[in-house]
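This report describes a protein chain, going from a strand pairing to aromatic contacts, nonpolar cores and annotated spans. The sequence and structure come next.

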Amino acid sequence: MAVGLDTGVPWDMCKQEDAPDPVIDTCNGYYCENFTPNENNKPKMWTENWSGWYTDFGSGISHRPIKDLAYSVARFIQNRGSFVNYYMYHGGTNFGRTSSGLFIATSYDYDAPIDEYGLVNEPKWGHLRDLHKAIKQCEPALIAVDPTVTYFGKNLEEHVYYISSSVCVAFLANYDTKSAATVTFGNSHHDLPPWSVSILPDCKTEVFNTAKVGVQSIIKTMTPTNITFDWQSYTEDPAFSSEDDSVTAEALWEQINVTRDSSDYLWYLTDVNISPNESFIKNGPSPILTANSAGHVLHVFVNGQLSGTVYGGLDNPKLTFSESVNLKVGNNKISLLSVAVGLP
């Protein structure tokens, strides 16, 4: 379809290895240095370099160290990369029921260089600024020639873009995750921390190393304001089958088809009559109530009292409630409040 539109400019398509000409297939991920497009005449592009990750209910807040983020960019550029886009560079906030997916929190801060409040996230923002300043200095050589690659030893490489003695760029890389190294390049010795790349825009002077962070961290604090907010809270009693707006059915209905995304909540109601001759009434133990759901949260009420709550999660939204409940002789009202979290 994209090709058929005949726009006159090439399309970018991430993660599609069989993208037809003139569509440019691109890379998404934490590392893309080894990615190659499906045609030699296409540029090597990184459309999503993940600066962090989204926040989901039930998990911790993701954090990607700036040293690793800068290292991934430098390796991509030294391996003939031509374009890097950050996802996300500016964090954001979703509101209400507009989160981006199932179990995704409304905060989309993403540990981005600029956070969801619009504040710079240091040292991530400043270190990336310095990285791209260094890469910009290398531009004349990067766009003119392919690199010559030399291996110093295990996990040690140099990538040199050479046009002349006055137009020369070198990337010195240490891929070892634990051990630092000292290498000789030209007439100088260069110290390479573990998992780092040094950039020499003139093949002589190191102007940047991905693991040497010179930007100070900023500690953010929340302070009270004189602005007052009007909060409203509501107390809602459990629903019963006698409610006027209830619908009687012989089987359980799927929640999203019933609510049509107008609400995150749906009550499932039933009545159970218990005979005085039931064995658990005389001798115990209490019966087990089991309810299975495709997700995402289930609150169980028996005779108006909360008996328990179960949650699904991002990796496995399905859930099962299976606990003993207190039933009395006569009519018992069981109310299940099913909750959908985020978009289905």
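L298 has V310, in β17, as its bridge partner. β17 covers residues 305-311 and pairs with β16, residues 297-302, in the antiparallel sense over 6 bridges. Strands pair if DSSP finds at least two bridges between them; helices (H or I, at least four residues) and strands (E, at least two) are DSSP runs, numbered from the N terminus.

The model is predicted: local features need pLDDT of at least 70, side-chain atom pairs count only at pLDDT 80 or more, and totals for chains, interfaces and linings use all residues. Residues are numbered from 1 along each chain as its sequence is written, and side-chain values use heavy atoms, with hydrogens and water left out.

## Aromatic pairs

The whole structure holds 13 aromatic pairs. Rings of Phe, Tyr and Trp (its six-membered ring) pair if their centres lie within 6.5 Å; planes under 30 degrees apart count as stacked, over 60 as edge-to-face and the rest as tilted. The Y87 and Y110 rings are edge-to-face, because their planes stand at 90 degrees, with the centres 5.3 Å apart. Y87 lies in β4 (residues 83-87) and Y110 in the loop between β6 (107-108) and α2 (124-137), so this pair ties together parts 23 residues apart in sequence. Y87 is partly exposed, with a relative accessible area of 26%, whereas Y110 is buried at 3%. Here buried means under 20% relative accessible area, exposed over 50%, and partly exposed in between (1.4 Å probe, protein chains only).

W267 and F301 form a tilted pair, 5.6 Å centre to centre with 50 degrees between the planes. This pair links distant parts of the chain, with W267 in β14 (residues 265-274) and F301 in β16, 34 residues apart. W267 is partly exposed, with a relative accessible area of 22%; F301 is buried, with 15%.

## Aromatic cluster and charges over rings

Y87 and Y110 also belong to one aromatic cluster with Y30, W50, W53, Y54 and Y108. Elsewhere, R64 lies over the face of Y31, 5.4 Å from the ring centre, and R75 lies over the face of Y175 at 3.8 Å. A charge sits over a ring if NZ of Lys or CZ of Arg is within 6 Å of the ring centre and within 35 degrees of the ring normal.

## Nonpolar cores

A nonpolar core is a set of buried Ala, Val, Leu, Ile, Met, Phe, Trp, Tyr and Cys residues joined through side-chain atoms within 4.5 Å. The largest has 28 residues, of which V73, I77, V84, Y86, L131, F171 and I199 touch the most other members. At least two residues of this core come from each of α1 (66-78), β4, α2, β9 (167-174) and β12 (196-200). The most come from α1, with 8 residues.

Leaving aside neighbours within four places in sequence, V84 is in contact (heavy atoms within 4.5 Å) with W46, N49, V73, F76 and I77.

## Annotated spans

An unreviewed UniProt entry places "domain: Beta-galactosidase beta-sandwich" at residues 159-213. That span is 0% helix and 56% strand, with its end C-alpha atoms 22 Å apart. The UniProt annotation "domain: Beta-galactosidase galactose-binding" (unreviewed entry) covers residues 265-332, where the chain is 7% helix and 56% strand. UniProt positions are given in the numbering used here, feature names are shortened, and annotations may be inferred rather than shown by experiment.
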